[in-house]
Amino acid sequence: MDIGTGLLPAFARGCAVLGSGGGGPVAIARAAAMQALEDHGPVAVVRPGDLAPDTLVMPVGTAGSSAVMSERICGVNEPVHLRAKVEELFGAPVGAVMASEIGGANGCLAVAWAAVTGLPLVDADGMSRAFPGMDQTVMELHGVPPTPAVVCDERGRTLVIENVTGRWLERLVRASLEAFGGQVATSEYILRGGQVAACTAVGSVTRALRLGTSLPEPLITGKVAETSGTILIEGLGRDLGRLARIEAGSEFHAVIEDGAPLALVPDVIALLDTRTEEVLRVEQIRYGLRVSVVTVPCDPIWHTPAGLRLAGPAAFGLAGLTGEGRPS
Amino acid sequence: MRIGIDVGGTNTDAALIGDGGQVLATVKSPTTEDVTGGVAAAIAGLGATEASAVMIGTTHFVNALVEAARLEPVAAVRLGLPATAALPPLVDWPDRLREAVEGAVYLCHGGHEYDGTPISALDPGELRRVAADIRARGLRTVAISSVFSPVSADSERQAADILAAELGPEVHLSLSHEIGRVGLLARENATIVNAALRPLAGRTVAAFAEALAVAGIRAPLFLSQNDGTLMDVDHARRYPVATFASGPTNSMRGAAYLSGLTDCAVVDIGGTTTDVGILNGGFPREAAGEALVAEVRTNFRIPDVLSIGIGGGSIVAPEGSVGPRSVGYRLTAEALVFGGGTLTATDLAVAAGQAVVGDPARVTGVDHERPLKIIAERVAEAVDRMRTSAAPLPVVLVGGGSILVGELPGFADVRRPDHYEVANAVGAAIAQVGGEVDRVFSGPRESVLAEAKNEAVARAERAGARAGSVRIVDVEELPLAYLPGDATRVRIKAVGDLDLEKIDA
């Protein structure tokens with residue numbers, strides 16, 4: 001299967017849904033991907049099982065501020081510099097690109113960068129959604145080492161980070177942001193073809209494409225009735241009389257009705273403008289908006305004890321809530 | 001006395017406001033092809049032979065963009081390499097407009113990081129080669145954008161100096177830091193739109209001045225801007241894009257003035273659409289993010305307006321639904337009350353006895369109850385969507401189509417002030433002068449805010465506000481997430497009364 005300019009809009013919409021209200025400005029990354037696909041042609045999407053066991057797979061993404069990303073737009077050579085340094089470090093050619101984070105802008109950037117480098121894109125990612133921490137990955141849970149990791153900008157100014165845990169990687173990358181102008185391209189948790197099927201969220205690219213054209217029935221449809229502190233949704237139409245509360249940070253973390261969660265991190269929660277069907281980010285939620293609240297499941301590994309410790313409700317300050325009773 | 005004029009696509013409305021602030025005369029006349037004729041006729045219709053100032057609000061420039069007509073091809077110069085190469089200028093434009101506007105696109109070195117340090121050094125040789133190419137292509141208007149120019153405009157200014165020296169004064173330069181805010185593509189798009197409109201702006205402003213001369217009025221001329229403040233003629237020639245949303249802004253400001261309210265919802269019902277906006281402290285609440293204008297993503301300051309397809313000319317379907325199809329300006333020929341054959345929303349209002357328009361006898365027996373109830377519910381829903389809290393909110397109805405609405409479910413205080421039909425022209429006449437700052441600051445909060453406020457006040461005074469009359473009307477602080485240090489984006493707006501002596505000097 002290929003992703004070209006025809007499929008990109010659906011894929012980008014799916015990435016926006018999987019951003020769970022965060023993940024940065026998809027519109028900019030989508031436009032960059034559209035340009036890259038026009039310049040370099042469509043991107044081949046490969047199944048993890050079709051990769052040779054020793055193929056070097058390069059996860060890619062950006063870290064930094066959304067405000068910077070929509071002003072200091074990416075250059076074209078970030079993936080070229082990442083790839084050169086990864087090949088030097090591993091002494092092998094990179095055989096495929098993978099999205100570090102399918103949710104939000106980074107999902108679209110992976111397509112753009114696969115197009116620029118001429119490499120295939122693996123149908124998998126590191127999170128199955130968007131998370132704020134670079135270490136909140138499926139690879140981390142499977143013990144794939146985060147380093148050596150490569151951090152660079154569009155002109156190839158490069159940092160190599162070695163011998164640290166995922167949490168320390170996050171610390172060091174955040175510390176480098178000031179010098180880099182608030183935004184960097186990164187590759188971490190670099191792995192081999194034979195590890196992808198077991199150690200990543202498999203099927204993320206095709207899943208984003210599916211979600212971009214069809215979404216599950218909403219949990220509730222209504223209007224935003226409160227935005228200070230928590231978000232309240234008052235049901236409208238067939239949901240008249242219902243009241244749901246949404247907890248949010250960088251992403252939407254929980255939908256709660258009558259004290260019980262309808263949906264809960266690490267599962268994905270997306271809010272759509274009922275009128276325009278636009279996928280909304282946390283900062284776009286305003287009083288009076290008509291919204292539909294949708295949930296889609298994350299990769300099942302996030303519901304294991306280790307997964308919940310790294311990215312469950314407690315990791316987002318919602319220790320009292322459990323996912324029991326969540327829709328399967 | 002001041003004369004306020006609103007030059008819309010269909011009608012040119014005018015109002016004469018006395019020195020005490022009272023509305024002395026109003027007039028509605030058709031907009032003419034040549035602009036001059038319609039404006040001169042409106043002034044004549046007011047019976048005014050003198051005035052201290054004339055304020056014009058116009059949709060002329062935004063209409064040119066919507067129609068992709070009367071636009072000049074633009075040379076778009078962006079400074080920021082090697083950053084930003086992933087998305088060259090104009091890539092996200094609709095094809096039809098891109099064809100009309102794209103002269104040439106140049107990616108050059110320069111630009112700044114969020115803290116103001118250079119991304120790369122400006123390359124004068126590179127810019128001189130760009131100038132030679134612009135000259136060879138015969139392009140007459142240039143848009144210059146650079147990364148983080150709202151933080152530091154050095155790159156844009158230096159590039160403008162080099163291009164101006166090479167190209168001479170006949171070529172117009174539009175600089176992005178003077179037009180938009182943080183968000184490169186959207187700010188650059190607004191700058192390109194501005195550049196494409198500059199020749200038209202020169203001609204249109206000259207036509208307005210000629211209309212005043214024809215009417216025998218010798219008074220300074222101002223144009224209203226998106227935020228409800230005024231700009232002088234010279235500014236209007238250089239920044240036509242600043243007029244884009246002046247229509248809804250003027251009608252909201254006029255509604256505030258006529259009703260005496262400063263915090264309320266304004267519902268402006270025209271022939272085809274109903275525009276709902278919110279006034280805070282007498283000024284329209286502005287859209288927070290990006291705004292699509294003729295399918296182009298921009299981020300200049302425009303009021304947050306929700307439009308729904310209901311107006312006086314809306315066609316009523318047999319099953320009772322109203323709009324979005326409308327007979328528009330043909331209302332006076334096609335509506336039942338005017339002897340036409342189409343059941344319109346205006347006919348419903350007349351049948352219900354809410355207004356006397358045309359011949360009421362022609363709509364006796366028309367079933368008006370259910371469709372008027374649907375109209376009221378949809379307008380009320382739109383107002384509800386725009387409010388920011390559940391607190392009671394007065395609603396002011398203006399515009400010719402506001403006869404459609406009597407009561408709104410859920411809103412206890414609904415009023416329609418005198419002169420509601422020319423609220424937009426009144427809004428133009430009462431406009432003040434403003435100054436604005438929108439930048440990323442670093443440092444302790446108190447000193448950052450003080451510095452930004454002083455700068456906004458100074459800008460308002462430079463724009464013609466009377467010293468001492470300027471007050472801060474809007475302060476917004478946005479901490480930038482994931483950035484080190486105390487980087488905060490601060491938006492501050494100051495407005496004051498127009499000082500005519502300052503303008504004459």
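How many residues of chain A are in contact with residues of chain B, and how many of chain B are involved?

Modeller: This is a predicted model, in which local features need pLDDT of at least 70 and side-chain atom pairs count only at pLDDT 80 or more, while totals for chains, interfaces and linings use all residues. Residues are numbered from 1 along each chain as its sequence is written, with chains lettered from A and ligands numbered from 1 in the order in which they are written.

In chain A, 27 residues are in contact (C-beta atoms, placed from the backbone, within 7 Å) with 28 residues of chain B. Helix 2 (26-40), helix 3 (66-69) and helix 7 (166-180) of chain A each supply at least two residues of the side that touches chain B (helices are DSSP runs of H or I, at least four residues, numbered from the N terminus), and helix 2 of chain A gives the most, with three residues.

Helix 2 of chain A also packs against helix 5 (residues 105-117) of chain A, at an angle of about 15 degrees and with the axes 8 Å apart; the two are therefore roughly parallel (angles under 35 degrees). Among the residues making this contact are Ala29(A), Ala33(A) and Leu37(A) from helix 2 of chain A, and Cys108(A), Leu109(A) and Ala112(A) from helix 5 of chain A. By class, the residues of this helix contact divide into 14 nonpolar, one polar and one charged (Ala, Val, Leu, Ile, Met, Phe, Trp, Tyr, Cys and Pro count as nonpolar, Asp, Glu, Lys and Arg as charged, the others, Gly among them, as polar), whereas the side of chain A that touches chain B has eleven nonpolar, ten polar and six charged residues.

Terms used
Contact = placed C-beta atoms within 7 Å. Axes fitted to C-alpha atoms, helices over the stretch in contact; angles between N-to-C directions. Parallel < 35°, antiparallel > 145°, perpendicular 65-115°, else oblique.
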